[in-house]
Amino acid sequence: MKKIAKLGQIALLSTAMSTMATAGTLVINSDTSDPAPKAAFAEIIAQFEKENPDITVKYNLYDHEAYKTTIRNWLVTSPPDVVHWYAGNRMKAFVDRGLFEDVSDLWAENNMQDTFATAAPAMTIDGKQWGVPFTYYQWGVYYRKDLFEKHGIGEPTTWDEFLAACATLKENSIAPVSIGTKYLWTAAGWFDYLNLRTNGLEFHMDLMDGKVPYTDDRVRATFANWAELVEPGYFLENHASYSWQEAQPFLYNGEAAMYLIGNFITPNFPEELEGKMGFFQFPQINPEVGMFEDAPMDTLHIPSKAKNKEDARRYLAFMAREDNQTKINGALLQIPPHKDAQAADNYFLDKGVAMLGSADGTAQFYDRDTDPAMAKEGMKGFQEFMVYPDRIDAILERLEKVRQRTFK
Amino acid sequence: MFPRPIEKASKGVNISYRIALVASIVLWLLPLLAVMATSVRSLGDINEGNYWGWPSEWMLIENYTQVFTSTPMAQYLMNSLIITLPAVAGAVALSTLAGYALAKYQFKANIWIFATFIAGNFVPFQILMIPVRDLTISFGLYDTHWAIIFFHIAFQSGFCTLFMRNFIVGLPTELIESARVEGVSEFKIFFHIVLPLVRPATAALAVLVFTFIWNDFFWALVLVQSDEVRPVTAGLSALQGQWLASWQLISAGAVVAALPPVILFFTMQRHFIAGLTLGATKG
Amino acid sequence: MAQSSPQIGLPDSRPSTRRKWRPTVIAPWLFLAPAMIVFFVYVIYPVFDSIWLSFFDWDGLGDKTWIGLDNYRELFDSDTFWKAFSNNLLWLVLFMLAPPCGLAIALFLNQQVAGIRAVKALFFFPFVISQVVVGLVFSWFYDPNFGLLNEAIVFFGGDPIAILADEKLVTYGIIAAGLWPQIAYCMILYLTGLNNLNGEQIEAAQLDNAKGWKMLWYIVIPQLSPATFIAIVVTVIGALRSFDLVATMTAGGPWGSSTVLAYMMYEEAIFNYRMGYGAAVAVVLFLIMDIYIAYFLWRMVKSEK
């Protein structure tokens, strides 16, 4: 009897020790390396460690570009316990290969089908949930109110109004639209919106899934609309020289008036422009098409080969909590996917929440919705089109070749 | 010798030559001088477009301090050292052994092994990329200092063997032969006779290989990714993405990254040039 | 080793010769083993593995699918590939400016005046610093807003040009940046060559009244041919290895117009997750480089024999 008790003790002790060894540290890999998100996560993790004194978090930061490639290495070999990632095709690529853990149990326990109702479709594949979203944000046109007022321009809601606004700004030697396409993806924002407004979400997603040829007349219609901006020179000159950050000063110093970008730009607005920056929804092009939006969602996942899944689930549940969703998005100046969590009281967020609340549907973003190889070539094509619109046929044929190869 | 020594020319030619020297050096280093000038500017100057005028205030200490306090630059520099020093030592050690074998022993495969080392040294990195990355992952070394260290030891041993072999070929064979006749073992011959003779060459080689490895960017991109192991080249490139508008910081970072090989070069100039040209006089 | 076979028939002399030749047969292999093993694992084997991989369709995660020559078929049918290939040729051609420029600077600096060592060192400077820094320095030099180059163009009454965003100029811009350290490298090779000139020949030529260009062309340059050879070899290798500058200055852009095979391979494998296709690009680059490797080896083996 004593012996058995002792054995039991030893067994208990050793399991306790082994769980301590693994449960002790929770390794999180993340690409939130920009200053604001970095600080926000440092704070939220300190909070998590305080609530869970038995867990020490090791938080590894990577820059965005490197992260996208190296995550594939660890997921296969020795992954961390939690990874930051993106909803949509990007998540699906790993789910299809069995690299992400099914966390439907977590959703059920925490009643997340209800509290995350709007985000649920983006996180669901084969009826199961594969991660927890912690933030999303709107895209739209950020503009200089003072410049618009000075030249008697109102917020455009239709394509014709938008073109007229551009023409007026151009006449007054202001670049209507600022953009930096050096790293390509900013051009994809324009493509997404022009295509969503011209052809609608269903067609857009079919194109993203490789079901429609790029040489389709509907795609051409999208580019024809785009050409109405490119040909008169409404985009910032030399945009291919600049990153998205380098294109910002043109907006701030008044050389450019509008910028189609995500809400992550707002923390960068200089203080002296307080109250002079405005936001409007991308204008309607085809009245028969609904108002669909890009609303990229950032997510957390547990790799299937993670060592400490137990604590990883605790962290995901923690991050799914209303108060933490409020807190992290308050710091990021973005929108919490949790329905009861509050976005910070901020002019741009209010607009974003209202806009996305009434949206007819949302897409993630070009390079999150389509295959990576397709996205890369596609975005190169967009950039080229924005400098040489007359090459449209050659560009679309090239993209079609890539589509056929990628989605065979 | 050639061209005709300038001191034999007239005084006017002499003076204008000296002026031309200074002017040409300024012109040659102009892009670099611009970066150095910017690294001491204030953000205010940069926002106002004062890139080329006199700085309104000198921010030398502030900017360089900020590089170290607000970025992992110190960590990157440390990583570069942790990677470069063992890699240099390893490559030089392996290639001294191999170079001696190829220089002083006659055997049939000799020339072919030598040719393989040379050929491998010229191979484009890209053809090694995927397998080396996979190997590194399967050794469990991905994203560790050792990932880069091992690769550099292996790859640089090609160039280093060429170098050491060409140097050792020129050493007198008589010493080795007479030791052999006296029954000294081959290893003792290497350690007690050959090694002391090649010491100057290893110094030259080490300095040269140090700059090669320090300046490597490609493998730093391919084999590691976290701030804890990333060397300064890849680190700087990543910082470029984060600091876009803060040119004064990027340029200070660039100067800091360039400093160690530059210091090494100026203190060991003779070795460095000897190293570069030793491989070159042969062939 | 050569005398080992006749000795088989002389059993009485065996013990002594054994002591004599056996260590000298085994020792070189022991000395060579460490370098050969690591070199085989990290260089020789990967070359063949990449060639093998180029016949597969592989995304780096799932299973590899044998597709024969499909990667190559696609490659030769791809605009990007031909763009990269022609850019590589442009690099090769323009990089050949480095040896003559290096020689010119070496001749200019080959004097005995006070401080000349420091001047030589400063000229050599660009070769010592990392290509990442060179890339940063030049992207800045070219910046359409405030870059020094555009300041100069505007000063002389021109319009600013965004060199790195112009598909026609971008490769030239990057090559110019690459030439900077390459010229420095060639210069140092020639400076050493100039130090080792044969004085008697030059004096003899001087007596024959050879001067300036004639002297340079007929007497000096032939004597510098070892330096020229190595300068051309390192320049060719440098041109084909052009990755760092493309990656830091443009990432192959705008729309892929400044890409080279080395960068294209990296992009396909790392960003587009197409390992097999990337390997095929690397194989093509490898084959181009092989021409030079073969020539170099042929010359070396010839001179050894």
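**Exercise 1. Describe residues 189-214 of chain B, then residues 110-132.**

Step 1. Take residues 189-214 of chain B. The span is 100% helix and 0% strand. Its end C-alpha atoms lie 33 Å apart. Helices (H or I, at least four residues) and strands (E, at least two) are DSSP runs, numbered from the N terminus.

Step 2. Note the source of these values. The model is predicted: local features need pLDDT of at least 70, side-chain atom pairs count only at pLDDT 80 or more, and totals for chains, interfaces and linings use all residues. Residues are numbered from 1 along each chain as its sequence is written, while chains are lettered from A and ligands numbered from 1 in the order in which they are written.

Step 3. Take residues 110-132 of chain B. Here the chain is 87% helix and 0% strand. The end C-alpha atoms are 27 Å apart.

Step 4. Check the record. An unreviewed UniProt entry lists both spans under "transmembrane region", along with 81-103, 144-168 and 245-266 of chain B. Such annotations may be inferred rather than shown by experiment.

**Exercise 2. Work out how the two domains of chain B meet.**

Step 1. Find the bounds. Domain 1 covers 6-59 and domain 2 covers 69-281 of chain B. Such bounds come from an automatic or database domain assignment.

Step 2. Find the spacing. Over C-alpha atoms, the centres of the two domains are 34 Å apart.

Step 3. Find the contact. Domain 1 of chain B gives 8 residues and domain 2 of chain B gives 7. Two residues are in contact if their C-beta atoms, placed from the backbone, lie within 7 Å.

Step 4. Look at the domain 1 side. α2(B) gives the most, with 3 residues. By class, this side has 5 nonpolar, 2 polar and 1 charged. Ala, Val, Leu, Ile, Met, Phe, Trp, Tyr, Cys and Pro count as nonpolar, Asp, Glu, Lys and Arg as charged, and the others, Gly among them, as polar.

**Exercise 3. Describe the contact between chain A and chain C.**

Step 1. Chain A supplies 17 residues and chain C supplies 18.

Step 2. On the chain A side, α3 (64-76), α17 (372-385) and α18 (392-406) each give two or more residues. The largest share, 6 residues, comes from α17(A).

Step 3. That side of chain A has 5 nonpolar, 4 polar and 8 charged residues.

**Exercise 4. Which partners does C:L285 touch?**

Step 1. Set aside neighbours within four places in sequence.

Step 2. The contacts of C:L285 are then B:P124, B:Q126, B:I127, C:L240, C:L261, C:A262 and C:M265.
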